[in-house]
Amino acid sequence: MKRAIFYTIIGYLSGSVLFARIAERLFHRKGAIEESPDQNPGAFNAFRYGGFRCGLLTLCGDLLKGRSPWGSTWRAPVCPRGMTPGCLW
């Protein structure tokens, strides 16, 4: 039970990370996402307005974030329960 709670919290925290914001700060492109009409901090806007490196880091971060709960089978149903609210709020 403690593992389930722990991985749910880890899933929530990893779901709330916006890799587009991290990438634009790393590559000194502050406000790159705000330039887009929809201001969506996703990989497409990171590529388009932040450049190739910003977009690539955002894409890799989002893919790893989505892949992380499936690392082993016993925690697979636990992490997505935490990741979904983490992405939403």
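Glu34 is partly exposed, at 39% relative accessibility. On that scale, buried means under 20% relative accessible area, exposed means over 50%, and partly exposed is in between, with a 1.4 Å probe and protein chains only. A note on the source: this is a predicted model, where local features need pLDDT of at least 70, side-chain atom pairs count only at pLDDT 80 or more, and totals for chains, interfaces and linings use all residues. Residues are numbered from 1 along each chain as its sequence is written, and side-chain values use heavy atoms, with hydrogens and water left out.

Back to Glu34. Its side chain forms a salt bridge with that of Arg21, at 2.8 Å, N to O. Arg21 is in helix H2 and Glu34 in the loop between H2 and helix H3 (43-50), so the pair ties together parts 13 residues apart in sequence. A salt bridge here is a side-chain nitrogen of Lys or Arg within 4 Å of a carboxyl oxygen of Asp or Glu. Helices are DSSP runs of H or I, at least four residues, numbered from the N terminus.

Glu24 is buried, with a relative accessible area of 5%.

Next, Thr58, in helix H4 (residues 52-67). Thr58 is buried, at 0% relative accessible area. Leaving aside neighbours within four places in sequence, its contacts (heavy atoms within 4.5 Å) include Phe19, Ala20 and Gly42.

Terms used: Helix = DSSP H or I, 4+ residues; strand = E, 2+ residues; numbered from the N terminus.
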